[in-house]
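Hi everyone, thanks for having me. Could you please bring up the sequence and the structure, so that we can look at them together?

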Amino acid sequence: MNETISASLLPSQFEVLSRVGQLLASVLDASQGLREVLRTLEIKGHLSRGMIAVVDPDSGDLSVYAVHGLDHDDFATIRYRTGEGLLGRILESGRPCAVARLGEDPRFLNRLGLYERDLPFIAVPIHLGGTLQGVLAVQPDAPDDGLLDERVRFVELLANLIGYSLQLSLEAAQERRSFDQERDPQRRVVRHRPGFGNLVGHSPAMLRVFDQIRMVAKWSTTVLIRGETGTGKELIANAIHYNSPRARGPYVRLNCASLPENLLESELFGHEKGAFTGAVNSRKGRFEMADGGTLFLDEIGDISPAFQAKLLRVLQEGELERVGGGRTLKLDVRLVAATHRDLEAAVDSGDFREDLYYRLNVMPIVLPPLRERLEDLPKIANHLLDRLGGLQRRPLRLTAGAQRRLAQHHWPGNVRELENCLERAAVMSENGEIDAELIRIDKTRERSSRRPTGATPVPLPSHPGSTVALPGAGARAAAGFGDSEPVAEPSERERVIAALERAGWVQARAARLLGMTPRQIAYRVQILNIEMKQI
């Protein structure tokens, strides 16, 4: 065999090996790291339909452990005995298997219904400490070009890299099964290690949010997630549930703004047969469906005052009656709510019940807008591009000009706007490279987001003539995307501190300067971690 690997393959192979090594070294959750490896092989390595099977220590069979592109339920029952099919042959011999055209090999069983018959197929053993732990199988996304043996060697290198992570993942899975068998739930809580698969960010504000998630996930405390539209409140709710002792229980979600009041009551509390026109059968509500798990109510600030009273009773008593029914149902539901509205102002105006506000606001988690954590922008953009690249089955890359263009925008629509912008650019890119010309941003929103440079006088709402000078932010350069024009956009924390300084650190005076109530500014002092000075 030719000892030199084609020069066109070497750079991509080294890049993939480097990326795989970084993933396995940086991801704390070994199982998540393996899934990321399979995704990377498809996006960057042109090795599609990656699959990892593991040896069952009890039966000695191979069971499918992870498949890129399939949900767990699609392969949970698939197993291969020794000598059965291509994978069973590896279990029997311990040697790699490579087929130039998969459909021509009679041993091919196609139990996953995933692989293309006209393409090659490579499967190699995963050894650790001289013991066969499992099998890594991939399918090159192009017909055989005579370099199949070289690709087998490359996949063997990958199998060697992931062997240790696979062992860690299997040990963690066994440990979780042991936790589930323990009767003392507190032992599971103490030993639980949460992961944050879809949460991206390293700014101080987001690290503080991650810490709050870790703390609150342990208990059944009601959580109120607050933040502007598009900041990712639902991702936070998901992380709280799936990293809590209730993770194996139901997780039920409802957007309160999507239903009128009469339907919202039936949707949440359920109804009995004949309770109203069209109620031909009894139906469980979302609270009942979430019994033993978590109920996530998005846009909780949009419910009517009349429905607020009904919801308050359920939260206080932990029980409800279906619409049209007389039987009281006792429930065990952990509530996580979210809103983009200023609930303190709604309480002061009488639009939101104060007692319900305190019932919901047990543990508030405030998500900062993207413009206040621009240092996270590069990481978020790359995360979104990796996901888009997986859907388009090709690598996507931002040029330096595109990175600067992103860093100069104010992002009033937050991460959701960024995701839409990148998806539009990816669709328009011919070769996967996204340059500045493909970053299309609405001109009206862009102009409204720009601010003058340097020291910026910030008018205080109640006294238009009074101003407080704040230093220029230079935040776009801090985003890590290279040079960009400095744009000063004071954060809410800076505005509150400026008002407190002007008011001699008297909260009531600062509240009047900002057009707030004392309750509102006291709340902001608390959640923004502002240290009050004694004058």
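I'll walk you through a strand, a helix residue and some aromatic rings. Please keep in mind that this is a predicted model.

Let's start with strand β12, which covers residues 334–339. How many of its six residues are buried? Six of the six are, so β12 is mostly covered. On one side you find Arg 334, Val 336 and Ala 338, on the other Leu 335, Ala 337 and Thr 339, and both faces are covered.

Which strands pair with β12? One of them is β7, residues 223–226, which runs parallel to β12 and is joined to it over four bridges. In that pairing, Ile 225 stands opposite Ala 338. Strand β9, residues 294–298, also runs parallel to β12, again with four bridges. Here Leu 297 stands opposite Ala 337.

Now please find Glu 42, in helix α2, which spans residues 30–44. Is Glu 42 buried or exposed? Its relative accessible area is 10%, and buried means under 20%, so Glu 42 is buried. A polar atom of its side chain lies 3.5 Å from the backbone nitrogen of Arg 49. Leaving aside neighbours within four places in sequence, the contacts of Glu 42 include His 68, Gly 390 and Arg 393.

Last, the rings. The structure holds five aromatic pairs. In one of them, Tyr 115 and Phe 121 have ring centres 5.2 Å apart and planes at 80 degrees, so this pair is edge-to-face. Tyr 115 is buried at 9% relative accessible area, and Phe 121 is buried at 5%. Elsewhere, Phe 269, Phe 287 and Phe 307 form one aromatic cluster.

Methods. Residues numbered from 1 in each chain as written. Predicted model: local features only at pLDDT ≥ 70, side-chain atom pairs only at ≥ 80, totals over all residues. Heavy atoms only, no water. Phe/Tyr/Trp six-rings, centres within 6.5 Å; stacked < 30°, edge-to-face > 60°. Buried < 20%, exposed > 50% of the residue type's maximum accessible area, 1.4 Å probe, protein only. Helix = DSSP H or I, 4+ residues; strand = E, 2+ residues; numbered from the N terminus. Polar contact = N/O pair within 3.5 Å; in protein donor to acceptor, adjacent residues only side chain to side chain. Contact = heavy atoms within 4.5 Å. Pairing = 2+ DSSP bridges.
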